[in-house]
Every structure is written in structure tokens, then in C-alpha cells.
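Here is a short report on a structure with its chains and their folds. Look at the picture first, then read on.

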Amino acid sequence: MLKNRIIPCLDVKNGRVVKGINFVNLKDAGDPVEQAKIYSDGGADEICFLDITASNENRDTIYDVVERTSKKCFVPLTVGGGVRSIDDINKLLNCGADKVSINTAAVENPKVVVDSSKKFGSQCIVVAIDAKKNGNKWEIFTHGGRNNSGLDALEYAKKMEDNGAGELLVTSMDRDGTQIGYDVDLMSKISSKVNIPLIASGGVGNLDHLVDGIKLGNASAVLAASIFHYGKYSVQEAKEYLDSKGIPVRI
Amino acid sequence: MKVTIVDYNSGNISSVINSFKEVAQDKVNIEVTADLKKITSSDKVVLPGQGSFKSCVDALNKINGLTEALTEFAISNKKPLLGICVGLQMFADIGYEETETKGLGWISGKVLKIDNQNGKYKLPHIGWNQINIIKQSKIFENIENNSHMYFVHSYEFIPNDKNVISATTDYSSNIVCSVEKENIFGTQFHPEKSDKLGLNIIDNFLNI
């Protein structure tokens, strides 16, 4: 039986790990390679790096981080943040990333998803969707949550599947950094709209939120940052908890 | 010993390279090349594959003499070869991803899309799934039945001769996830991404 995945996400800036509350108030807290190794040794099903300030700053640091991590961690590594072009994707994959997540570029130029999934295979193309509730629908935000594209999240998700995305990483902008739980309504609506796996993100504060993301949100995988990063829970504890709630996990 | 990872522009093979180098350390010489002479003079060959069946076959065919060199290595000389993911799928006679495409024909059979049972099963089949070992393969030394391996694929290999199947995994149906036919080995899952157990499988292959 296929297991639900737990994916710790490390926000990386200038080659160092940070985690912001709603993408601001950053705290520096460690070397991403060591952190990733701790997670993979602790049973993380995948590792995710998000280069949060990549759109504005020199990106070369992330290539070095990815290269060093891929020589030490032998679970899948996803890298996102500032991925704009086929060339960016090519460089990250060559450094040892297994998947890349594309956010702003997929909104501005959906062809990049079509072209990259054809060139590298859908298995390594994750489309990251940052969505915020507006009335009774959700809208897509870009540039790290700063710009409202006005696009409807559900329609956009379906379009990205058609364009060749292998997975969707869905973040609720309303919940990100709040620790009050995933927007399971958003997750389940997108999940039922598409036939590709959904990774839920944004808002995890405790282990029940992970359970809800899978049971109520219909997510194939749950992504979390701060609950693991600040040592509140280990990945192993999270897995044992999910297991106790009847969710299939790799233990 | 010299082991060659075939670099034929089939997508991202850095994880395969990293994992083999990690296991090999100084004991085994890992080469990454499409050089025909180097391939045929190797002791073992690893055939990775990412993307579609068609794109991988096309990439193999683009390099003059590569298919013949691999066939000489695996079929005439019967030296150990490990296919990973689409690398395994290409052992088949024919694949149906994108369009009907002829495979290497080393293990008779075809490659079809996994039946998602009208959307009940998400595709690609991504993540950790347990393998059901049905034949003791040399690459499963010290690997327990029901071990977890990492999968990413939407197509499955259906061999005509079921005796070549060494493991299956349960997703929609019993999907063939490992084959062994004499000197030819293949895994649908990614040992290079399957943590310690995956490295163990790579070690087993290097020790054949």
C-alpha cells in the first residue's frame, strides 16, 4: 500500500536555514545540509528546500546547498523558489535535486510547465500554488505571496495538471505561519479536481493538523516546517502519531 | 571492478551517480559515460531512465551504436546490467507512452499505463510503497519482504514470462516492481532514492 508522505521543508536564504512567519521576521537557524541529513536519518520521506528570497537575490548559494545535500541524503529532494526557466530547472537537477517546484513562473508563463515536463518528465515537475481565500473562492498569489494574480485556484490547479505537472504543492496563504492547521477545505477541493498527488502546506502547528491534511484534505503528502524545525516534534513522532490514527506511513 | 552508469541524456541521473559513488567509495570505479568501448569493457552497467518511454528510447537511439553495445553487453556477453525505472521498462518489446514505441526486447512484454480505476488512484504513483518479494533475487540480499521503496511512475512493465518477476507492489493492482532474468536486473522503484535499503540494493548489485 502506498504510504502518505511527511515532508519537512527548510526555508533557505543565502545558503542558511530560516523560517518566517508569513514570509517575514526571519530567524537564522542552521546549515541546510546538516538539517536535511538529520531529517532523512529521522525518517523524512522527502526533503524540500524553499529558496525564499531567490527572486530578488543571488541564487548561486542554493546550487551549492543542493549539491552538498544530494551527496548525503538519499531520499527525494525537492527545490523551489525563484525557479523561472528551463535553464534554472536543468541546473538544479544537475546539482542533484530530484524535483523542482515552480510557482510564479508557472502563473506568468504556463508554457514553462509544458516544456519542462516534456523535457525532464512530469515526475520532477511540482507546481507550487499559493492560494488565498477571497469570498467563496481561492485566488492564486505569486512572488512569495505578494501579488494577487486573480486566477481561480481550482481552475488553475486543473490547468497545471493538463500542462504536465506531476504533483501540486498547495499552500494556503491565510494559514501559512499561523500554526492553526491546513486549509483542508482548499486542499480537498483541489484534490478532488485533479488526478495527480497533492502536497498540503501552510499552517501546521500540531500533529493533528497533519492527520487532518490527509484525512480531511485528501492530501497524498503533508509538508511542514516550523513544527519540525524548532524541535517541537520529530519526524518519527509525527509518523507514529499518524500510524496511531490509522494513516499508512513508512515506519 | 569497473561499473558504468550509462549517460545518454535521459534526464536527471545525478542522484543515481551520487548513490553509486556513496556505496562504491574506493572499492569500485564508477564511470558515467555513453562511450561504447567503455561500456562493453565494463564489468557491470547501470541503465537509468527518466521521462517517458519514448523519450528514453529516442535518447538511446540518438547515440550511434549504443543500443547494439548494450545488447552485446547484456545479451551476448551476459554481464550484469541493472535498469532503473524507465531503464527497466525499456527491457520490454514495446511501450505505449506518448505513442507506440519499440523497446530493447530483452525481456518479452509490454509497458502500459497503470489502471487508475476511474480516478480512484492518483497518477503518477509517487511515494513509498512496500515491495512483495516473490522470488529471491540477488539484489534483495538482506532486504526483508515488505520493505519500503520509493516510486515515481505512471506506467508498468508487464512481462510475458511471469518467472522473471522478483517483486511486485500493490497500487491499483500488483505492479511488477523488480525483475531478474539471468544477468539482467531491473527495478521500477528508485534504489538511489530509497534511503538505506536502496543503498543496500545498490551494494548487492555491485557485489554480484
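## Helix α2 of chain A and its cover

Several elements cover the buried residues of α2(A). From chain A they include β1 (5–13), α1 (32–41), β3 (47–51), β4 (77–80) and α3. Helices (H or I, at least four residues) and strands (E, at least two) are DSSP runs, numbered from the N terminus. Helix α2 of chain A spans residues 60–70, and its buried residues are Ile62(A), Val65(A), Val66(A), Thr69(A) and Ser70(A). Seen down the helix axis, they fall within an arc of 120°, so they line one face of α2(A). The arc is that of the directions from the helix axis to the C-beta atoms.

A residue is buried if 20 or more other C-beta atoms lie within 10 Å of its own, exposed if 12 or fewer, and partly exposed in between; C-beta atoms are placed from the backbone.

## How to read the model

This is a predicted model: local features need pLDDT of at least 70, side-chain atom pairs count only at pLDDT 80 or more, and totals for chains, interfaces and linings use all residues. Residues are numbered from 1 along each chain as its sequence is written, while chains are lettered from A and ligands numbered from 1 in the order in which they are written.

## Where the chains touch

How many residues does the contact take from chain A and from chain B? Chain A gives 29 residues, and chain B gives 30 residues. Two residues are in contact if their C-beta atoms, placed from the backbone, lie within 7 Å. On the side of chain A that touches chain B, helix α3 (residues 86–95) of chain A gives the most, with three residues.

The residues on that side of chain A divide into twelve nonpolar, ten polar and seven charged. Here Ala, Val, Leu, Ile, Met, Phe, Trp, Tyr, Cys and Pro count as nonpolar, Asp, Glu, Lys and Arg as charged, and the others, Gly among them, as polar.

## Hairpins in chain A

Strand β6 (residues 125–134) of chain A pairs with strand β7 (residues 137–142) of chain A. The sense is antiparallel, over five bridges. Two strands pair if DSSP finds at least two bridges between them. Lys132(A) has Glu139(A) in β7(A) as its bridge partner. Two residues lie between the strands of this hairpin, where Gly135(A) takes a positive phi near 70°.

β7(A) also pairs with strand β8 (residues 147–152) of chain A, in the antiparallel sense over three bridges. Phe141(A) has Asn148(A) in β8(A) as its bridge partner. Four residues separate β7(A) and β8(A) in their hairpin, and His143(A) in the turn has a positive phi of about 55°.

## Helix α6 of chain A

Which residues of helix α6 (residues 153–163) of chain A are buried? They are Ala153(A), Tyr156(A), Ala157(A), Met160(A), Glu161(A) and Asn163(A). Down the axis of α6(A), these buried residues fall within an arc of 160°, so they line one face of the helix. Glu155(A) and Asp162(A) are exposed on the other side of α6(A). Gly164(A) follows α6(A) and has a positive phi, near 115°.

## Nonpolar cores

A nonpolar core is a set of buried Ala, Val, Leu, Ile, Met, Phe, Trp, Tyr and Cys residues joined through C-beta atoms within 7 Å. The largest one has 85 residues. Val100(A), Val127(A), Ile129(A), Leu168(A) and Val170(A) touch the most other members. β6(A) supplies the largest share of this core, six residues. Apart from it lies another core, of 63 residues, among them Ile17(B), Ile30(B), Ala69(B) and Ile165(B).

## The sheet of chain B

Nine strands of chain B form an open sheet with mixed pairing, in the order β2-β1-β3-β4-β13-β12-β11-β8-β9. β2 (29–33) and β9 (148–153) of chain B stand at the edges, each with a single partner strand, so one side of each has no neighbour in the sheet.

Strand β1 (residues 2–6) of chain B pairs with strand β3 (residues 44–47) of chain B in the parallel sense, over three bridges. Thr4(B) has Val45(B) in β3(B) as its bridge partner.

## Backbone details in chain B

A cis peptide bond joins Leu123(B) and Pro124(B), with omega about 5°. Pro124(B) lies in the loop between β7 (109–113) and β8 (125–133) of chain B. Asn118(B) is found in the loop between β7 and β8 of chain B. Asn118(B) is not a glycine, yet has a positive phi of about 55°. Asn118(B) is exposed, with 7 other C-beta atoms within 10 Å.
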